[in-house]
Each structure stands twice: as structure tokens, then as C-alpha cells.
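Please read the following briefing alongside the sequence and the three-dimensional view.

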Amino acid sequence: MASSSSSSSSHHHPLPPSFTATAAPPPTPSFSSDLPSSTSSDLLSNLLHRLPPSLSLPTTRRPSPLPPPSIPLSDLTPSNLLPASTEFGFFHLTDHPIPSNLPLSAESTALSLIALPRHQKQLLFPSNWPLGHEIDDDGDESLCLDPSLSEFRDFAAELERLGLKVLEELASAVGFDSPTRDPLSSLLWISDGARKPGRVYPYAVGLHYQIRTRKQTLLTDSGRVTVSWLAGSVLVTLGDIAQVWSNGKLKKVRGRPFPCSLDENPNNDPGINMSLLITLPAESIVRPLLPNLISDDDDDNGEGDATNKKEGEKRLFNSLPDDLLIKILSRLTLKEAGVTSVLSRRWCYLWTNVARLDFDVDDKLVSIAADLKLRIPERKKYVNWVNRVMRQHRGPVLDLVRICFILDKSSSGAIDNWVKFAIAKRVQRLELDLLGNEETRRWLTYNYTFPYKPSMLNWLKGLKALSLKCVNVSKETLDCFLLRCPELQSFSLHSAEGLKSVKVDGFKLPRLKCLEINCCQGIETIEISNSNIVSFSYVGHVIDLVLSNVPMLVDVSVMEGHSALQTNVFGQLSCCLYQIEILTLGIHHTKKDTENFSFPVLPGLKELILNVGAWDDDSLLEFAYFIQSCPNLKSFAMKLRWMSIVSTLKRTEMRRAPKCAHEHLKLVEIGGYYGRTSDAELAIFFVENAVALQKIVIDPRNQVQNRLPLGDVQIKRHETARKHAMEHLKSKISPQLELVIL
């Protein structure tokens, strides 16, 4: 789409294939008519029968169709546009240059698409909100298409030019910054005979070409309005985005226009509605564009200025629509969002509509790690908190549900209800971390088991990310995840039991990008084929890892058995060895595992991470030879996990590895730096040989994640390691090299 109305051609900005609820603007609220129940009908009938027979009832009349304001394109000026936009939120645009053959051709194409069998429409236009084929609860169908499709391109381009012109004049009329300076996007919505506005992606301006004269209904800020459409004109409606831009000055139309009842359309026209919506790309932030919203009176009193500014900020915030406030609240923690309920009556329940439920209590987990007696009472508080929030939640759908606490099968009843709640809300990202974000392990027989029911199938179709930690899954459940989740992009399984194999077929999971299988007892085989997977991680005992046709795989992490170097890991990765850019390996024993081992050449590797078991004061210089096989390496990190601490074996002499210039290495990180000779000689090797090195990071902390507070001995050990690093490295560091000691 063009960025200004003066552009000679229109360039489309189609929306990306995937969305997140927090990234896109808030959806326009759906509308459904409240039909009287049978009980209400009976009461009304009884009341009418009790009326005196002489009483004459007035004739029921439908409201006359409202003629919308009509503005010729040549008269589309701020003075003519402002009354129609602030009083109605819609108007007719006449005398435009759109040739009559373009809408007729587009209508013919739209009719042929609508007439296709439902299964064929679902196949041709898979639902990926907002794009694709959609069926609402009443069975009404609609199609949301990319306007750049060849069948609609010319017609859509003409409407887009008119829409941009309207936006330019609207900005001038209301006095806000022109939105056409930034990228915009467009959607073409086609519906057939719907009797309600339907669900529509948030939009700024809607353009609806009227081929024939008929009556249509709009849902405006003032309620339902019936309008008579003028053949050959374009009905322009303003949406919620335009209303936010104007800080509430403009009226808006909710959803799409929809036809009146059939008895009000005697011409029996095809009833196709074609609406072009001008909107924003995903990830956009909608905010008022009006300048000087916060008044700042010319007062010499600084205190008065501050008061005026605060009052202005309060007025600005309270003027925002609920949808935008809910989006803001979704970016806060749950506890922060809940606190806003005390602000005013309006804010009391706003937080219950947030799209992200992240039940994070990191501070409590730290307390539990320090005092295990707190686990049971804090667990009860956590379960009650989650139950209370889920009972109060009012939002229709959820982007995220995250549970993170030390829970097991004793809490199965509560967790089952949480899972059911998430499924009912069509959650797109579900994370059950029942180990509380720890690396330590527990007996897997205590794990909670994920419930499998056929009712899950509809939810799985829209699931995008699933992470299960200390959650057992059956083979049937795993097959359900790996075969029936076409939108799944990330799958993580940690500390589960009862599985023997994991098979990922790219034809079943076409969008899968990240797969993690960690510490799952019993798994013998992992097979990944015909997949566009980008990242793969495995931690566990030795398995049969089979990879085939994985052209996008660039990030691999393998900690297999005691040492990846002793389990033919590079043979297992042979099909993608030359394309890997990030590699993480686990090595248990430096001396034993590197002896007589030949590290293969990895020309594409840019980042190497080694998790190394460090014994006594064994030299780490063997890994210098590994780096020689990575000519384009830019980042190297070693995370030392000390397996023994024997001060009597500490050596003092420094060893040197053969000189080898690394021309691209820019960052070196050494975690678990204990202050031994082996630590210092590895750091010095990089200082002397990495000619492009820009930064070296020394981290003396324990590389095994846990929440235990540091004792006096550990604190003293860390301080000693920091002093050791400073003494041995500071004098060798050039002014151009940055040394960071954490």
C-alpha cells in the first residue's frame, strides 16, 4: 500500500502468516443479537391476552432507513468530512473514479468462491486469523483474503487509493498526525448474507462498494442503524483504530455492514458484501495521534505545572478504550494487573480480560528453596490463587497460560481443571512447569499425567507452543500433539516417563521450528524427517537419533549419555553438519573424552557452547584444537561444572597450546571460573590467539541452575575466583579488549 495519497500505484503490505494476541491490535468486539427466550415469549403472550378487547395497539413500524451523509470525492475536505465522522462514523463517497467493471468482476469472482463446497474453501483458504475461511457460531461463512490476489488486485487498489485519501483528509480535519507516513496493511473481507456484523480484525477505515441499491444495517456507537446504499457509491466506515487515533473524537462502526431481512430486499440481489479494511501490520501499537493531549498551562509555579500535567495524563489514560487498556494490562504481571482493580469502578474487572495468564511466583520459589517446610503451605496458596484467577477471567480467548510451581500428581484435580480451562479458552501457548524452573530432578513416578480426551482435538488445531516439565504423557497423547497440531511452532518435553520413541514428520507439523526433549527416561529413538525445524535440543541417555531432510536446522544442542563426544554425535548429525550455526555439546570428562578424538570441520558454525565436567585441575586447552575446526566461529562459551574440588592437586605451572590465530572470534565466555590454573591458561590462550576478540566474560558462579541462597563458603570462593581472574588476565588485556568479571 502506498504511504500517501499522491502515490501513483498502491503497494500492499499483507499481514504476516502468524499472529500473537499481544502483538496485534485488540479485536473489534463481536456482536450477537439477544433473542427472547421461550419463557420471555410466553410471558409477553399472557400479558397481551390480559389487555382489554377495546384497546387498540399501535401499528409496529420499522425505523426508516437513514440516508448517510453523501460527499463527492471532489468535496472531500476537512469541513465536509468532520461532521460526518464525528456524528455518524460513516458516509457515502460519490463521484469517484472506480470503473464500474472492476466491482462487477470482483463480485463475480467472490460469488464463485462463496459457492465452493465448504471443505474446498477450508482447503484453499485455511483459517489463520484474520486470513482465511471462517464459520461463526450461526453457520455464517466469510473469507478474509490478501487484496494482492490477482482476481481482486485492480479493484482493491482503487479502494486503497480512496482509503488513503480519506485518512489524509481525516487527519487534517481532526488535527492528528497523518497515519499514512507509516506502513499500513489491508484486508479484503467477503461475506454472503450474514445477519450480523461478525468478527472483524481491527481497522482504521473500511470501504464497501455498493453495486446495487439496497438497505444495510450498521452497528454504530449509537446502536443499530439501517442505511440505504446508493448504487455506484462507496460506503466509508471508520473503525476502532481511527477512533483511538482521534482520542475518541470520531464515531466508529463495529464489524462489517450486513443486509437487512430478506423482505426488505425485494430485488433478490446476490447479497455479497465486499469490504476492504485498511489496518495496521501485526506488532503495531495503537495510540492517540493528537498533539498536546496533556495540557501544560503557562504557569510560573512549578508545582502547578506538575499538577496540571498529572491531571492531563489521567484524562488521557481514562480516555483510552477498554480494548487498548486490556492490551496494556496484558503486558503487566498478573499481580500488577490485579492491583489496578482498585483504581475505579471502570477498572474493577478490566484485568479479568487479559490475554496472558502467567502464574509466576519466582520470589516464593526462592523462599521454598531456602526453607523446604514452606513447600506445602505455599503450594496450597498457589493452587488457590490460580483457581481464583481462572474463575474470574472473562476474556474469550487466551494467548498464554503458564504454570510454574513445584507440583506433582497429588494436585492432579486442580491441574486437570486448569488444562480444561486453557482448552476452553483456545489457548495458543501452554506451559506446565511443575518443577518450578529448576534443573534438579525428582522421581518421575510422582509426575502429573497430562489428560487426553477427544474434545482436545479442536483446540489442538490452533495450538502454537506447548511446554511440559515433570508432566507424563502417554503415547496416545504424544501422537495427538505430533500429528494433530498443524500450527505448532514449539514443543518441549522435560522429565517425562513412559515413552519409547518420538517421531516428528514435517508433513504433519509444517510450522514446527523448535523441539526439546530433555531427561525423559525410556526414550530409545528420536526421528525427525522432512521438517523445517530450526532448533533441536536433547538431554538424556544414549539414543538412536535419526535426522533426514532437515534443511533449516541450524541450532543443535546434544548432551547424550556421559559425553556427546563418545556417542557418535557427529555421525548422528552428519546430514546437517555443514549447515549448523549454533552447537551446544555436553562433555563429562575432559581428559578421557577428548583423548584421540578428532573434531570435524564445521565451516558454518558461528557459536559453540560446551558444558564441561571439570575434574581436579585437568587442562582445558584440548578444546583449543576443537576451535581450529571452526574457521568462522564468532562466539565461544564454556560452562564448567566442577566434578571434584581437591586443592592438593592444584598445579601452578602454566601450559601453552600451539599458536593458532582465530580471525573471526569476537566473544569468549567462561562460566564456572574457579580460579584454577586450568581456567586461567584457557582464558590466556584466547587473549593471545583470537586476533579479533572484543570481549571476554568471566563468571565464577555455579553453572547448575538452582534457587538455593549462597552460603559464606560460596561467596568467599566466588570472590577468590574474581581476584584470581583479575591478577592473571588484567595485565594481558589490551585497551581494545573488554574484560567483564561477573
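The model is predicted, so local features need pLDDT of at least 70 and side-chain atom pairs count only at pLDDT 80 or more, while totals for chains, interfaces and linings use all residues. Residues are numbered from 1 along each chain as its sequence is written, and side-chain values use heavy atoms, with hydrogens and water left out. The secondary structure of the chain comes to 19 helices and 30 strands, where helices (H or I, at least four residues) and strands (E, at least two) are DSSP runs numbered from the N terminus. Of the 742 residues, 49% count as buried, a word that stands for under 20% relative accessible area, with exposed meaning over 50% and partly exposed in between (1.4 Å probe, protein chains only). Among contacts (heavy atoms within 4.5 Å) with a separation of 6 or more, 72% are accounted for by residues 24 or more positions apart.

**Helix packing**

- Two packed helices are described by the angle between their axes and the distance between the axes; here axes are lines fitted to C-alpha atoms, for helices over the stretch in contact, and angles run from 0 to 180 degrees between N-to-C directions.
- The axes of helix α11 (residues 375-392) and helix α12 (residues 412-424) come within 11 Å and cross at roughly 30 degrees, which makes α11 roughly parallel to α12.
- The terms for angles are set by cut-offs: under 35 degrees is roughly parallel, over 145 roughly antiparallel, 65 to 115 roughly perpendicular, and the rest oblique.
- The crossing of α11 and α12 is left-handed, a term used if the near helix is turned anticlockwise from the far one by less than a right angle, with right-handed used if clockwise.
- On the α11 side the contact is made by Tyr382, Val383, Val386, Asn387 and Met390, and on the α12 side by Ala414, Trp418 and Phe421; by class, these are seven nonpolar, one polar and no charged residues.
- In this classification Ala, Val, Leu, Ile, Met, Phe, Trp, Tyr, Cys and Pro count as nonpolar, Asp, Glu, Lys and Arg as charged, and the others, Gly among them, as polar.
- Helix α2 (residues 78-87) packs against helix α5 (residues 153-174) at an angle of about 85 degrees with the axes 9 Å apart, and α2 and α5 are therefore roughly perpendicular to each other.
- Pro78, Leu81, Leu82 and Ser85 of α2 meet Val166, Glu169, Leu170, Ser172, Ala173 and Val174 of α5, a contact with seven nonpolar, two polar and one charged residues.

**A covered helix and a covered strand**

- In helix α14 (residues 475-483) the buried residues are Thr477, Leu478, Cys480, Phe481 and Leu482, and what covers them includes α13 (457-460), β16 (465-469), β18 (490-494) and β19 (501-505).
- Strand β13 (residues 400-404) is mostly covered, with five of its five residues buried; Leu400, Arg402 and Cys404 lie on one side, and Val401 and Ile403 on the other.
- In a regular strand the side chains alternate between the two faces of the sheet.
- Strand β12 (residues 356-359) runs parallel to β13 and is joined to it by four bridges, with Arg356 opposite Leu400; two strands pair if DSSP finds at least two bridges between them.
- Strand β14 (residues 429-433) also runs parallel to β13, joined by five bridges, and Cys404 stands opposite Asp433 in β14.

**Two open sheets**

- Three strands form an open sheet in the order β8-β7-β10 with antiparallel pairing; β8 (223-228) and β10 (253-259) are the edge strands, each pairing on one side only.
- The twist of this sheet averages 25 degrees from one strand to the next.
- Another open sheet of three strands has the order β19-β21-β23, with parallel pairing; β19 and β23 (544-548) stand at the edges with a single partner strand each, so one side of each is left without a neighbour in the sheet.
- Five bridges join β19 to strand β21 (residues 525-529), and the bridge partner of Val502 in β21 is Ile526.

**A loop residue**

- Glu581 is found in the loop between α15 (569-572) and β25 (582-587), and at 32% relative accessibility Glu581 counts as partly exposed.
- The C-alpha atoms of Glu581 and Asp555 are separated by 6.1 Å, although the two residues are 26 residues apart along the chain.
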